[in-house]
Amino acid sequence: SVTLPTNPLFTSIVSGAFFKCSSLTSIDLSGTQVTTIGQNAFYYCTSLNSIIIPDSVETIGSNAFYGCTKLTSIDLSGTQVTTIYYRVFGSCSSLTSITIPDSVTNISQEAFYNCTSLTSITIPDSVTTIGSSAFQQAGLTSIDLSGTQVTTIGPSTFEQAGLTSITLPDSLTTIGHDVFMNCSSLETIDLGNSVTTIGERV
């Protein structure tokens with residue numbers, strides 16, 4: 001475990017700060033004023049099973065928790081994060097629960113790629129963009145995007161996910177290629193009323 005300073009001048013965990021610290025099991029940032037968790041900050045911390053993120057956090061960089069295979073839950077609900085960046089939680093294979101704040105508008109490419117234990121997630125209505133492969137190979141069984149303002153779902157977003165049903169918003173106009181490819185359990189799709197483009201091998 002690591003105890004970090006509560007000094008108000010300590011506001012950033014720099015890129016790669018705990019890169020591949022394979023024995024790190026927990027970290028509590030709740031007493032800090034950290035606003036930024038840099039890229040690769042906890043990359044492949046394969047023993048990390050608990051982290052408390054303070055409300056002061058505004059940015060979590062790409063790959064920040066990539067490959068944290070023992071991390072089971074994460075709560076971002078009080079933060080001011082607006083984007084879930086590239087592979088932030090990619091290959092967090094034990095992740096079963098995440099709370100996303102209403103401030104988030106963008107879920108980027110491969111944000112939850114290969115999160116095989118993540119069977120459910122609540123997407124806030126504030127989300128307007130979901131990047132390619134965002135939930136590829138995730139364990140999701142169902143997802144409801146009906147309250148969001150998403151207009152485009154990028155290629156392979158749900159490829160090989162465990163989906164049985166999905167509800168898409170009326171704002172959606174474009175579904176990219178391979179979005180539902182190899183979703184062998186998918187039985188029900190509600191496309192909404194505005195879709196004009198459906199890509200190949202959907």
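Reply: Start with R87 and E110: both are buried. Keep in mind that this is a predicted model.

Me: How far apart are the closest N and O atoms of R87 and E110?
Reply: They are 2.4 Å apart, and the two residues form a salt bridge. R87 lies in the loop between β8 and β9, and E110 lies in the loop between β10 and β11, so the pair ties together parts that are 23 residues apart in sequence.

Me: How many salt bridges does the structure hold?
Reply: It holds 3. R201 meets D178 in one of them, at 2.8 Å from N to O. That pair links distant parts of the chain. R201 is in the segment after β17, while D178 is in the loop between β15 (174–175) and β16 (188–190).

Me: Which other residue does R201 meet in a salt bridge?
Reply: E200, at 3.2 Å from N to O.

Me: Is D178 buried or exposed?
Reply: D178 is buried, because its relative accessibility is 8% and the cut-off for buried is under 20%. E200 and R201 are both exposed.

Me: Switching topic. What is the strand order in the open sheet?
Reply: The order is β8-β10-β11-β13-β15-β17, 6 strands with parallel pairing.

Me: Which strands stand at the edges?
Reply: β8 (83–84) and β17 (197–198). Each has a single partner strand, so one side of each is left without a neighbour in the sheet.

Me: Now the core. Which residues have the most contacts inside the largest nonpolar one?
Reply: F42, F65, F89, F112, F135 and F158. That core has 60 residues.

Me: What is F65 in contact with, leaving aside neighbours within four places in sequence?
Reply: Its contacts include F42, F89, L48, I51 and C92.

Me: What about the surface? Which residues form a nonpolar patch there?
Reply: I189, L191 and I198 do, with about 240 Å² of accessible area together. I198 sits in strand β17. I198 is partly exposed, with a relative accessible area of 49%.

Me: Last one. Where is S91, and what is its phi?
Reply: S91 is in the loop between β8 and β9 (97–99). Its phi is near 55°, a positive value in a residue other than glycine. S91 is buried, at 11% relative accessible area. K20 also has a phi near 55°, and K20 is in the loop between β2 (12–13) and β3 (26–28).

Note on methods:
Residues are numbered from 1 along each chain as its sequence is written. This is a predicted model: local features need pLDDT of at least 70, side-chain atom pairs count only at pLDDT 80 or more; totals for chains, interfaces and linings use all residues. Side-chain values use heavy atoms; hydrogens and water are left out. A nonpolar core is a set of buried Ala, Val, Leu, Ile, Met, Phe, Trp, Tyr and Cys residues joined through side-chain atoms within 4.5 Å. Buried means under 20% relative accessible area, exposed over 50%, partly exposed in between (1.4 Å probe, protein chains only). Contact means heavy atoms within 4.5 Å. Two strands pair if DSSP finds at least two bridges between them. Helices (H or I, at least four residues) and strands (E, at least two) are DSSP runs, numbered from the N terminus. Patches are made of residues with over 30% relative accessible area and no salt bridge: like charges are joined within 9 Å, nonpolar side chains (Val, Leu, Ile, Met, Phe, Trp, Tyr) within 5 Å. Accessible areas come from the Shrake-Rupley method with a 1.4 Å probe; for residues, only the protein chains shown count as cover. A salt bridge is a side-chain nitrogen of Lys or Arg within 4 Å of a carboxyl oxygen of Asp or Glu.
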